[in-house]
Structure formats: structure tokens, C-alpha cells
Amino acid sequence: MNDSLNDFQNRIGYKFKNESILVTALTHASYANEHGCESNERMEFLGDSILNFLVSEKLYAKGLSEGEMTQLRAKTVSRQPLALAVERLGAMALLRLGEGAKREERVTEKFKSNIFEAIIGAIYLDGRSLKKCSDFIFAFLKPVDADRVSDFKSALQEFVQDKKLGNIVYKTRQVEDCVASQFCSEVFISEKPFAKGYGCRKKDAEKEAACLAYNILIRKEK
């Protein structure tokens with residue numbers, strides 16, 4: 001496995017001082033349970049936090065709004081791009097997987113995306129450097145930042161359709177307060193209320209409601 005590990009380190013652009021850390025990053029819980037060793041779950045947890053921080057930092061530097069940053073980060077670090085990066089790196093060939101997991105064939109997108117996060121955690125633990133983590137992440141994961149995302153209603157519709165969550169309905173009404181007339185919009189998904197948005201115009205209220213609902217669903221997805 002040493003030659004394979006060397007090749008893999010060349011591919012990811014980072015040479016481990018302690019290769020056992022990398023081996024642990026490539027050890028699934030099913031293998032660890034069968035062989036009495038440590039799995040990559042803790043590294044995955046650490047790597048997930050580092051990934052979200054570094055992507056957030058890059059988006060923040062672009063001067064985007066909170067809603068735009070949330071949506072773009074969610075698309076950048078979602079399961080599909082992480083899983084594709086793992087496949088391009090050839091990490092699956094090095095993964096230590098238990099016989100039980102092999103029989104059940106549980107190699108899903110989430111399964112693969114966890115490996116990407118574990119590798120990030122391993123790089124940090126070995127080098128104690130966010131710069132090294134950043135170099136790895138952005139060499140294989142490109143932030144979705146080609147344009148500023150503002151159509152939250154379309155983003156929510158796309159997500160709900162992709163996950164087959166049901167129909168979206170906006171119930172919008174005009175409300176009065178001590179400052180000015182404005183609109184309140186509540187978004188429902190499969191008749192379940194998800195979020196309320198407010199705005200001086202009807203479309204602004206619906207956009208805010210869509211943004212909040214989208215963020216709720218993304219957090220659940222993670």
C-alpha cells in the first residue's frame with residue numbers, strides 16, 4: 001500500500017509527515033469495527049468544519065450578502081462535488097472498507113463526500129496549517145461563484161424538485177406597522193410552513209421567505 005499512498009499524496013499535492021494519519025483518513029468505520037482500529041469519523045468532523053470555514057472565508061472576501069454566501073457555500077460543499085473530487089483522486093481504491101459494508105454496497109455520494117472531508121482533517125492534523133488545507137480544497141473543489149446568486153425562489157424550487165419534497169406555495173399578504181406598509185410572505189412545502197419573509201414589495205417578501213426556507217433545508221441536508 002506504500003507505493004499507492006505515495007502516488008495518492010502526489011495527486012493531492014501534500015506529503016504527509018505521518019502517513020498513519022492518512023491511513024486513518026481512509027479507514028471507514030466498518031473496517032475499524034472489524035479490526036479494532038480508529039476510523040475516519042473524527043477527521044471527517046474536523047474536515048467538515050475546516051471546509052465550511054475556508055469556503056465561507058473565500059466567499060466573504062467577494063463582498064456577497066449573507067444569503068448569497070449561504071447559497072453558494074451550500075452548492076460548493078454539497079455531496080455531489082465532494083464525491084466527484086474523491087472519484088477523480090482515486091481515493092476509493094485506497095479506502096479500507098469492512099466486509100459488511102462491501103456486502104451492503106453503501107457507497108453513496110454522502111459516503112464519498114465524507115472521505116473528502118476526512119482527508120482535509122488529516123492534512124490539518126499532520127501539518128497544522130489551514131493554508132495546506134486550502135491548497136488541497138481549492139485545487140479539487142471550485143467555489144460556485146461565477147455569478148452572484150439572487151434568485152432564491154428558483155434555487156428553492158430546484159432543490160425541492162431534486163429531493164422530491166413536494167409542492168411549494170407562497171401565501172403573501174400586506175401588513176401594517178408603525179413605519180410603513182409592507183408584505184409578509186410565508187412559504188409552504190407540501191403544506192408544511194417553512195419560513196416567513198418580509199419586504200416593502202411582494203416579490204421581496206417572497207424572495208426572503210425562499211432564502212430562509214432554502215437555508216433551513218440545506219442545514220438539514222448537512
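Q: Is K112 buried or exposed?
A: In this predicted model, residues are numbered from 1 along each chain as its sequence is written, and local features need pLDDT of at least 70, while side-chain atom pairs count only at pLDDT 80 or more and totals for chains, interfaces and linings use all residues. Side-chain values use heavy atoms, with hydrogens and water left out. Buried means under 20% relative accessible area, exposed means over 50%, and partly exposed lies in between, with a 1.4 Å probe and protein chains only. K112 has a relative accessible area of 15%, so the residue is buried.

Q: In which helix does K112 lie?
A: Helices are DSSP runs of H or I with at least four residues, strands are runs of E with at least two, and both are numbered from the N terminus. On that scheme, K112 lies in helix α8.

Q: With which side chain does the side chain of K112 make a polar contact?
A: A polar contact is a pair of N or O atoms within 3.5 Å; within protein, one must be able to donate a hydrogen and the other to accept it, and residues adjacent in sequence count only if both atoms are side-chain atoms. For the side chain of K112 there is such a pair at 2.5 Å, and the partner is the side chain of E87.

Q: Which residues is K112 in contact with, leaving aside its neighbours within four places in sequence?
A: Contact means heavy atoms within 4.5 Å. With those sequence neighbours left aside, K112 is in contact with A83, V86, E87, M92 and V107.

Q: At what angle do the axes of α6 and α8 cross?
A: Axes are lines fitted to C-alpha atoms, for helices over the stretch in contact, and angles run from 0 to 180 degrees between N-to-C directions. The axes of helix α6 (residues 79-89) and helix α8 (residues 109-127) come within 7 Å, and their crossing angle is roughly 70 degrees.

Q: Why is α6 described as roughly perpendicular to α8?
A: Angles under 35 degrees count as roughly parallel, over 145 as roughly antiparallel, 65 to 115 as roughly perpendicular and the rest as oblique. The axes of α6 and α8 cross at roughly 70 degrees, and therefore α6 is roughly perpendicular to α8.

Q: Which residues make the contact between α6 and α8, and how many of them are nonpolar, polar and charged?
A: From α6 the contact uses R79, Q80, L82, A83, A85, V86 and E87, and from α8 it uses E109, K110, K112, S113, I115, F116 and E117. Ala, Val, Leu, Ile, Met, Phe, Trp, Tyr, Cys and Pro count as nonpolar, Asp, Glu, Lys and Arg as charged, and the others, Gly among them, as polar. By class, the contact of α6 with α8 has six nonpolar, two polar and six charged residues.

Q: How far apart are the axes of α4 and α5?
A: Helix α4 (residues 41-60) and helix α5 (residues 66-76) pack at an angle of about 135 degrees, which makes α4 oblique to α5. Residues making the contact include N52 and V55 of α4 and M69 and L72 of α5. The distance between the two axes is 10 Å.

Q: Is I168 buried or exposed?
A: I168 is placed in strand β1 (residues 168-176). Not counting residues up to four places away in sequence, I168 touches L156, Q157, V160, V187, F188 and I189. Its relative accessibility is 18%, so I168 counts as buried.

Q: What separates the C-alpha atoms of I168 and I189?
A: These two residues are 21 residues apart along the chain. In the model, their C-alpha atoms are separated by 4.7 Å.

Q: What is the phi of S190?
A: Most residues other than glycine have a negative phi. S190 is in the loop between β2 (181-189) and β3 (192-199), and is partly exposed at 42% relative accessible area. Although S190 is not a glycine, its phi is positive, at about 50 degrees.

Q: Is E191 buried or exposed?
A: E191 is also found in the loop between β2 and β3, and its phi is positive, near 70 degrees, in a residue other than glycine. With a relative accessibility of 76%, E191 counts as exposed.

Q: How many helices and strands are in the protein chain?
A: Read along the sequence, the pattern is α-α-α-α-α-α-α-α-α-α-β-β-β-α. The protein chain has 11 helices and three strands.
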